[in-house]
Amino acid sequence: MVSDAIVASAVAILVTASLPFYLYGAWYILNQETVTWDVLVHHLKYIAVGLTLTTVPVVTWMAPRFLNQVGGLTALHVFLGLQAYAMLVLALTGIVRIFQVKHRHDLYEDPETDVDIDELHENMGAWRARLRMGVAGYVVFWLLAWVVGVARYLNEYVLYG
């Protein structure tokens, strides 16, 4: 069987590898003048890879081992990770509504540059705020969880392993 140190190293590499996908996905969509369907799909492809590289190790290796590793850094790591996913859910509650309204007005297929997105629905501002807060929160908590995870990895498998 493969040792925990090898699996932990692979997990650390996978989770760390997700960051460039998040950064590129964010950079790409922020640099677009108009978010068309093609732009949205291109953005989501990179974000989906980043989420997969983070979530698969969490679900398959980290979460099942949690109860065997209860301690200060582990609890902090889990808390920060759960906060990141909670912020992702907050972002999704905004993006789903924004998507529905933009889709209903055909702004993905035939974007009109003179349409103010806030005028499409009375709650658009709130949904956009949820999206921004959720994405920013996810990034902050993901980075904090990553730092604690790296500290746990170094402590358990490199320095004292």
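This is a predicted model: local features need pLDDT of at least 70, side-chain atom pairs count only at pLDDT 80 or more; totals for chains, interfaces and linings use all residues.
**View 1**

**View 2. Helix 4 from end to end.** The 36 residues of helix 4 should span 52 Å at 1.5 Å a residue, and the end C-alpha atoms of helix 4 are 50 Å apart, which agrees with that expectation.

**View 3. Tryptophan 142 and tryptophan 146.** A search of the whole structure gives nine aromatic pairs. The ring centres of tryptophan 142 and tryptophan 146 are 6.5 Å apart and the ring planes lie at 5 degrees, so this pair is stacked. Both residues belong to helix 4 (residues 124-159), where, being four residues apart, they are separated by about one helical turn. Tryptophan 142 is buried, with a relative accessible area of 6%, whereas tryptophan 146 is partly exposed, with a relative accessible area of 31%.

**View 4. A cluster of aromatic rings.** Phe21, Tyr24, Trp27, Tyr28 and Tyr46 are linked into a cluster by ring pairs.

View 5. Leu154, Val158, Leu159 and Tyr160 make a nonpolar surface patch of about 450 Å². Leucine 159, one of the residues of this patch, lies in helix 4 and is exposed, because its relative accessible area is 60% and exposed means over 50%.

Definitions and conventions. Residues are numbered from 1 along each chain as its sequence is written. Side-chain values use heavy atoms; hydrogens and water are left out. Rings of Phe, Tyr and Trp (its six-membered ring) pair if their centres lie within 6.5 Å; planes under 30 degrees apart count as stacked, over 60 as edge-to-face and the rest as tilted. Helices (H or I, at least four residues) and strands (E, at least two) are DSSP runs, numbered from the N terminus. Buried means under 20% relative accessible area, exposed over 50%, partly exposed in between (1.4 Å probe, protein chains only). Patches are made of residues with over 30% relative accessible area and no salt bridge: like charges are joined within 9 Å, nonpolar side chains (Val, Leu, Ile, Met, Phe, Trp, Tyr) within 5 Å. Accessible areas come from the Shrake-Rupley method with a 1.4 Å probe; for residues, only the protein chains shown count as cover. A salt bridge is a side-chain nitrogen of Lys or Arg within 4 Å of a carboxyl oxygen of Asp or Glu. The expected span of a helix is 1.5 Å times one less than its number of residues.
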